[in-house]
Amino acid sequence: MRDDRSAARRPALPAIAKLGLAAACALGLAACVTPQERHALDQNQCYAFGFEPGTDGFAECMMGLHQQRAVAQSNSNLYWQAQLAEQNRRREAQQDLYKVMSLQRTGDARFPVCGASSDGGMDRRTMTWYGPNCRAR
C-alpha cells in the first residue's frame, strides 16, 4: 500500500534534470535512425524554427544541426579514447606490479614458479612468466 503523504513530501524533479533526461533520451533515440530519417528530422526541426525550405536560412540551419552532431560525435570519440587509454594504463601498471612481485619472490619455495597458467602473463623483454601469486624462478 502506497503512502500518499510520502509522495507529497518528495520534491519534484528540477526542470534542469527533466531537460537533461529528455536530452539523453533524444540522443539515445537519435542513434537508432537512418541517415535519411535524420535528414528528415533535421528538415522538420529547421522548419519548426521558422525557416522556409529552399532559403539560405534553412540551409544554414541544416548545416548548423549537422555541425552540432559532428562536434558531439567528436567529443564522444575523445571521451571513449580517454577511457580506453586509462584502462590500458591501469592494466600496464598492474602488470608491472605483478612483475615486481614475482621477481621479489624469486627463490621463495612458498610460491610456485610462474608459468603459462599464471594470472599475469609473459614479460616479452626477459621471456619470463609473472603473476600475482607466483615467483619468477
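1. The accessible surface of the protein comes to about 10900 Å², and carbon and sulfur atoms account for 58% of that area. The structure is a predicted model, and the values in the points that follow should be read with this in mind. Of the 137 residues in the protein, 17% are buried.

2. The protein has 4 helices and 2 strands, and, read from the N terminus, these elements follow one another in the order α-α-α-α-β-β.

3. The largest nonpolar core consists of 5 residues, namely Cys-46, Phe-58, Cys-61, Met-62 and Leu-65. Helix 4, which covers residues 56-104, is the element that gives the most to this core, contributing 4 residues. As general background, nonpolar side chains tend to be buried together in soluble globular proteins.

4. Which residues does Cys-46 touch, once its neighbours within four places in sequence are left aside? Cys-46 is in contact with Phe-51, Phe-58, Cys-61, Met-62 and Leu-65, and four of these partners, Phe-58, Cys-61, Met-62 and Leu-65, are listed with Cys-46 in the largest nonpolar core.

5. By the distance rule applied to cysteine sulfur atoms, the count of disulfides comes to 2, and when the bonded cysteines are numbered in sequence order the pairing is 1-2, 3-4. One of these links joins Cys-46 and Cys-61, whose sulfur atoms are 2.0 Å apart. The torsion about the S-S bond of Cys-46 and Cys-61 is about -90°, and the disulfide is therefore left-handed. Because Cys-46 lies in helix 3 (residues 35-48) and Cys-61 in helix 4, the pair ties together parts that are 15 residues apart in sequence. Both Cys-46 and Cys-61 are buried.

6. The other link is between Cys-114 and Cys-134, with sulfur atoms 1.9 Å apart; the value about its S-S bond is 95°, and the link of Cys-114 and Cys-134 is right-handed. This pair links distant parts of the chain, 20 residues apart, with Cys-114 in the loop between helix 4 and strand 1 (121-123) and Cys-134 in the segment after strand 2 (128-130). Cys-114 and Cys-134 are both buried.

7. Is Cys-32 buried or exposed? Its relative accessibility is 63%, so Cys-32 counts as exposed, the cut-off for that class being over 50%.

8. The geometry of helix 3 can be checked against its length: at 1.5 Å a residue its 14 residues should span 20 Å, and the C-alpha atoms at its ends are 20 Å apart, which agrees. Within helix 3, the residues Arg-38, Asp-42 and Cys-46 are buried. These three cover an arc of only 75° around the axis, which means that they sit on the same side of helix 3. On the other side of helix 3, Gln-36, Asn-44, Tyr-47 and Ala-48 are exposed. Helix 3 is followed by Gly-50, which has a positive phi, near 105°.

Key
Residues numbered from 1 in each chain as written. Predicted model: local features only at pLDDT ≥ 70, side-chain atom pairs only at ≥ 80, totals over all residues. Heavy atoms only, no water. Core = buried A, V, L, I, M, F, W, Y, C linked by side-chain atoms within 4.5 Å. Buried < 20%, exposed > 50% of the residue type's maximum accessible area, 1.4 Å probe, protein only. Contact = heavy atoms within 4.5 Å. Disulfide = S-S within 2.5 Å. Expected span 1.5 Å × (residues − 1). Arc of directions from axis to C-beta. Areas by Shrake-Rupley, 256 points an atom, 1.4 Å probe, with all protein chains shown as cover.
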